[in-house]
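Subject: Structure for you to look at

Hello,

Here is the structure I said I would pass on. Please open it first, then read my notes below with the structure beside you.

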Amino acid sequence: MPVQKIYFSVPPINDQATQSAANVMTGGFSLNKGNGNIKFAISAQDRLLDTSDMYLTGRIVHVTSTGAPLTLKAAAATTLAEFNASQGASLQAVTNQNVSNWGGVSNMIKRIFVQSKKSAVSISEHRNYPMYTNLRAGWTNSDKDFLVSPLTRTDASGANANFVNRHASLMDNATTGGAGQIPNMPAGQSDPNYGKPFSFKIDTALLNNPGAIHLGNNYLGGLLVNLELNNENGFYYNRFQDQSNGADLNVDGSYYIIKDLRLNGRLSVPTPRDLASYNPNMLLPDRFNLINDVNSSVNSSKYTPNAASVRSIVNLYLDQDQENNRAKNQSTFRVPLGLRNYQQNKNNVRQPQDFVIEVKPNLLTKTKQSGVGAVNATNVNPKAGAQGDAEVRGLFQRSVLNGELADKCSASLKLENESIEEDYNATRGGTAVTEGCGNNCKANLMGVGLDYTFHMGETTDYRQRDYDIITNSGVNSGDAVLPSTRSSLPEITQSYIKNVASFNSETLVKSV
């Protein structure tokens, strides 16, 4: 039993100061006009690191393409109606620019890799970090939860984004002249306290592990945590897929600056008995990312995960032009467009689901169940009624939640209905140019998954074995009953293989 816990707060070893002059901010961490790589070091010491209680804290400043903080227009020129507008020609830039519904500012991290200070070999690495963490946040927090904890920590507003998210990018007008909206900051934008504070856990196998890790020279010998930042077009999204012609909504080229970064946590001071009984072997709830594509209505995506203990496989589908594109929300996840059915195989045999998963009805259903009369998904109301994905939904959440069904979540049928409706509404047609079309704030949380745990801790061996998923859908078909902005696009499959990895903190050997 540790005799003492010591709090620590370490800045990056490559920390970057920020400066402000003539209402332009420079410096800090930024992939656009700063340093896009952040490095933390925790020294070697005979103490245990409780990674389940580690947080990354700091401040974020949202700036325009010139480096000026993204604020309201001068007070005399901004009306209350403009400030509240969520549509129309008076839409403001701070309302048009949004951060992830489910991850908020934590989406600034694109890639994480963790090393021992004794070796240059990466112990834990996560590419495309935001997508899975966004998905899990949506499946473990309700709409009301997002108005409390995620919103206050990371500016993630969940399903409330249509009303809350529009103020996430708004910065205080604390100009260097001191005539801003924060009169108690004499240094204005140069004040250390300028910027929106954030705090979140880094969700990786080694840095969010229930077991403490030994930092001594005979073990890890200290820890290096490396973060690579997301580019601004993958961090922000515009409110509408097809924007209005408003004079004040342009946010092209805007980016973010991270400052005052700290890695915070606690170190346990062990007793001699604790040190003698410390077991360097541990099991890590790991995951890794694989990428494939869907190019046709009947498509097979195949992987060889080469992992001994796979818990589940989570497949997320994004339009080919969805990533790193402000016109699309990179945090909305859907099943393949017009999904009819799918099957998942191991070594070309359907298992453990030895049946095809059907979606009935689906967006491509054109005849009533009785066989008499036509159906057209464009005329169905509500739109979610045209996508009978109850079984898909149940199986998917089990793959995300390790075999469990969610006791609370944000992935409601209402959310799915709104997401499908906005896909259809993204076509301008006769809509006036003063109006935006296709609201990106209505972000879905769906995909296709396969759980091997059965909520009993089971796993399956994928060493030298293949996994493939065969989908029958309307992807890239150009079918007229599908949303016209998506019906002729291929899709990208972002697959997350969730596995159990063994790690020895003495030999630094990790086995997947």
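In which strand does Asp 260 lie? Asp 260 belongs to β15, a strand that covers residues 255–269. Please keep in mind throughout that this is a predicted model.

I started with Asp 260 for its backbone angle. Most residues other than glycine have a negative phi, and most peptide bonds are trans. Asp 260 is not a glycine, yet its phi is positive, at about 55°. Its relative accessible area is 35%, so Asp 260 is classed as partly exposed.

Ala 22 also has a positive phi of about 55° without being a glycine. You will find Ala 22 in the loop between β2 (18–21) and β3 (24–27). Is Ala 22 buried or exposed? With a relative accessible area of 68%, Ala 22 is exposed.

The bond from Gln 351 to Pro 352 is cis, with omega near -5°. Pro 352 sits in the loop that runs between β20 (349–350) and β21 (357–358). The bond from Asn 381 to Pro 382 is cis too, with omega near 0°. Pro 382 is in the loop between β21 and α9.

Next, please look at α3. This helix has 12 residues, and the distance from its first C-alpha to its last is 17 Å, close to the 16 Å expected at 1.5 Å a residue. How many of the 12 residues of α3 are buried? The count is 10, and α3 is mostly covered. Among the buried residues are Tyr 129, Thr 133, Leu 135, Ala 137 and Trp 139.

α3 also takes part in the largest pocket, to whose lining it gives the most, with seven residues. To picture such a space, note that rolling a probe the size of a water molecule over the atoms shows where empty space is left. The largest pocket holds about 810 Å³ of space. Its lining has 32 residues, and those nearest its centre are Thr 133, Ala 137, Lys 201, Asp 203 and Asn 208. Besides α3 (129–140), the elements that give two or more residues to this lining are α5 (149–154), β10 (196–200) and β16 (281–294). Sorted by class, the lining is made up of 11 nonpolar, 12 polar and nine charged residues.

**The second largest pocket**

The second largest pocket has a volume of about 270 Å³. It is lined by 16 residues, and Ile 123, Ser 124, Glu 125, Asp 286 and Lys 510 are the closest to its centre. At least two lining residues come from β9 (122–126), and at least two from β16. By class, this lining has seven nonpolar, four polar and five charged residues.

**The nonpolar cores**

The largest nonpolar core has 51 residues. Those with the most contacts inside it are Leu 135, Trp 139, Val 314, Leu 316, Tyr 342, Phe 396 and Tyr 467. Several elements supply at least two residues each, including α3, α9 (390–400), α10 (413–425) and β25 (491–504). Which element gives the largest share of this core? That is β18, with six residues.

Leaving aside neighbours within four places in sequence, its contacts include Arg 393, Phe 396, Val 400, Cys 409, Leu 445 and Met 446. There is also a second, separate core of 45 residues, which includes Phe 8, Tyr 129, Tyr 236 and Ile 258.

The last helix on my list is α10. At 1.5 Å a residue, its 13 residues should span 18 Å, and its end C-alpha atoms are 18 Å apart, so the two values agree. Its buried residues include Leu 415, Glu 416, Ile 420, Asp 423 and Tyr 424. Among the elements that cover the buried residues of α10 are β14 (240–242), α9 and β22 (437–439).

Ser 412 lies in the loop between α9 and α10. Its relative accessibility is 29%, so Ser 412 counts as partly exposed. Ser 412 and Leu 445 are 33 residues apart along the chain, and their C-alpha atoms are separated by 8.8 Å.

Regards

Notes
Residues numbered from 1 in each chain as written. Predicted model: local features only at pLDDT ≥ 70, side-chain atom pairs only at ≥ 80, totals over all residues. Heavy atoms only, no water. 1 Å grid on protein atoms, 1.4 Å probe; cavity = no way out; pocket = protein on both sides within 12 Å on 5 of 7 lines; lining within 4 Å. Points joined across faces, edges and corners; volume = space filled by probe spheres on them. Helix = DSSP H or I, 4+ residues; strand = E, 2+ residues; numbered from the N terminus. Nonpolar A, V, L, I, M, F, W, Y, C, P; charged D, E, K, R; others polar. Core = buried A, V, L, I, M, F, W, Y, C linked by side-chain atoms within 4.5 Å. Buried < 20%, exposed > 50% of the residue type's maximum accessible area, 1.4 Å probe, protein only. Contact = heavy atoms within 4.5 Å. Expected span 1.5 Å × (residues − 1).
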